[in-house]
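Colleague: I have a model open on my screen and would like to learn how to read it. Could you walk me through it, feature by feature?

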Amino acid sequence: MSEKYLVGVDFGTLSGRAIVVRASDGVQVGTSVSHYKHAVMDRTLDAGDGQKLPPEFALQNPGDYVDVLTDAIPGAIKDAGIDPADVVGVGIDATSATVFVTDAEGTPLCEKEEFKNNPHAYVKLWKHHGGQDQADRIIALAEERGEEWLERYGGILSSEMLFPKILETYEKAPEVYAAADVVVNLLDWITWKLTGELTFAASDSGYKRMLTDGEYPSREFCEALAPGFGPVFEEKMNAPIKQLGEKVGDLSAEAAKLTGLPEGIAVASGNIDAHVVVAGANAVKPGQMTAIIGTSGCYVINSEGYKPVPGVFGNVEGGAVPGLWGIEGGQTAVGDVFAWFEDNAVPERYEQAAREEGISVLEYMMHRAFAMEIGEHGLIALDWLNGNRSILSDARLSGSIIGITLQTRPEDIYRALMEATVFGIRVIVDNFEEHGVPVTEIVAAGGLLKNHHFMQMLADITRRPVSVSDAEQTGALGSAIFAAVAAGVYDDVYAAATTMSHVTEHKYVPNEDASDKYEELYGIYRELHDFFGRGENQIMHRLKDIRARAFGE
């Protein structure tokens, strides 16, 4: 009997990747990537008329996602050198909440002539923060009315959620909202396109669409937010709910032509790109915190029972794996912080020195940054260069660096920014622990795994052992694992994850001497975190307001 294979597709922030894995052991045998032609539109509407976009916008063009289906999937099959007929299932994951509006057939409104130059008709990427005012109003009204669902989101609501994004569209572009038949998240749009069946993934709906115990926020609540907005869920988001590992449907004939996959194979319900890593890294037990660390950071931990935890991004039964409560925290920028510094603050003399040594600028910076003693730079940074997701959930917060002198060097700032991102992770870990959710181990995946200095720092500052996923693409592997369940290859995700994942346990362990030195710096970080982040000082908010006025918002 021929070997069975599965396809996992991961839709990221800048590209989409497809992998082919063997069902028997999860080994990746083929891969291909498709880079989004329009990337992230955060300054100008490049897919439209090129108009200048307001601050905090982050848009994408849905046509770029289709390229992943038509290019990356066939490319991965070709790279694997297998017979496509041996593929038995496909699973997808995507950034979330990555939100857009379509007609009843699933055509995005931005592809229609009358809306091609309207920013609100395009995809609002997960890091689009244009709906912060709407998020604030949702929270205030929910608190006033005593809405029970708010507790599931830590008593706060990020502007990255679907709810404030669609309220923003309703209020800022009512003509787009009126023309929309469906408000959809990217991961559900892809499974819709693959099967012809519109369904909503239960996990994503719980974290991003405020689905709580089978109910959305009430019509009365939505109407109180804005007259006429009341029926938003029943009219524009009324689709069947599918659980993780459940089959949405069979691959349609049209999708088979697009992808080169066999018609009729199982298509699994979609998943959030970070949450799918829990299965991909086999971090399915309570106490194991999955850390997906790349351009941003997402931290998911499972709990046997419901534990109210303030400041989290969501607390959903079956949110990461069936039978457990998945609790999520996150950072809106991790690798993006380092990339910002590398792109904007590395002097030419460092670039020249790196060329002379025959190494990259990044390697040169890292060598200098980690040649110093802990605390030698005399700096503390706040890592909120793209706002704070957890535990403050405030897109109006911004980054800062305290302690700069005339002796401060670029590598000092670079290391302080790295430390700040890990201090931010420690805040999330401490918050879990303080509210009855123990964190005994960190299981890491993502692009920053290759940065060994960062990974050791993660163990030292959190004082936890760090295991790492050895899979080249853990997210796409997680999608393939759920596809294996949907296709009936394995009975459940636990069996599939045990067999198909590849993890090195406790690759990094805390160095107690380093941990003790970091502790003092962490204490200062917490002081600044609370001073700027908990309302005692509004400087960051005021600066954002001034900036918005300058843009004419």
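Predicted model: local features only at pLDDT ≥ 70, side-chain atom pairs only at ≥ 80, totals over all residues.

Colleague: Let's start with the open sheet of seven strands: what is the strand order?

Modeller: In general, strands of a sheet pair through backbone hydrogen bonds, either parallel or antiparallel. Strands here are DSSP runs of E with at least two residues, helices are runs of H or I with at least four, and both are numbered from the N terminus. Two strands pair if DSSP finds at least two bridges between them. In this open sheet the order is β16-β17-β15-β14-β20-β21-β22, and the pairing is mixed. At the edges sit β16 (314-317) and β22 (503-508), each pairing on one side only. On average, neighbouring strands of the sheet are turned by 25° against each other, direction ignored.

Colleague: How many bridges join β21 to β22?

Modeller: Three bridges do so, and strand β21 (residues 466-469) runs antiparallel to β22. To find the place on your screen, look for Val468, which stands opposite Thr504 in β22.

Colleague: Which strands does helix α14 touch?

Modeller: Contact means heavy atoms within 4.5 Å. Angles run from 0 to 180 degrees between N-to-C directions, with axes fitted to C-alpha atoms, for helices over the stretch in contact. Helix α14 (residues 410-434) packs on the sheet and touches β14 (288-293), β15 (297-303) and β17 (325-331), its direction making about 150° with that of β17. Helix α15 (residues 452-462) lies across β14, β20 (441-445), β21 and β22, at about 70° to β22.

Colleague: Where do the domain bounds fall?

Modeller: Such bounds come from an automatic or database domain assignment. For this protein it gives domain 1 as 1-333 + 428-511 and domain 2 as 335-427 + 512-551. Their centres, taken over C-alpha atoms, are separated by 28 Å. Domain 1 brings 44 residues to the contact and domain 2 brings 40 residues.

Colleague: What area is buried between domain 1 and domain 2?

Modeller: Buried area is the accessible area (1.4 Å probe) that two parts lose on being put together, summed over both. Here that is about 3,800 Å², and carbon and sulfur atoms give 53% of it. On the domain 1 side, Met457, Ile461 and Arg463 lose the most area, together 17% of what that side buries.

Colleague: And how many salt bridges does the rule find across this interface of domain 1 and domain 2?

Modeller: Side chains of opposite charge can pair when their charged atoms come close. The rule asks for a side-chain nitrogen of Lys or Arg within 4 Å of a carboxyl oxygen of Asp or Glu. It finds nine across the interface of domain 1 and domain 2. By this rule the count comes to 32 salt bridges. Glu373 and Lys517 form one, with closest N and O atoms 3.9 Å apart. Glu373 lies in the loop between α13 (361-369) and β18 (380-382) and Lys517 in helix α18 (residues 512-533), so this pair ties together parts 144 residues apart in sequence.

Colleague: Finally, which residues does the cis peptide bond with omega of about 5° join?

Modeller: Most residues other than glycine have a negative phi, and most peptide bonds are trans. The bond you ask about joins Ser96 and Ala97, and Ala97 lies in the loop between β5 (87-94) and β6 (99-102). The peptide bond from Ser390 to Ile391 is cis too, with omega near 10°. Met210, not a glycine, has a positive phi of about 65°.

Notes. Residues numbered from 1 in each chain as written. Heavy atoms only, no water.
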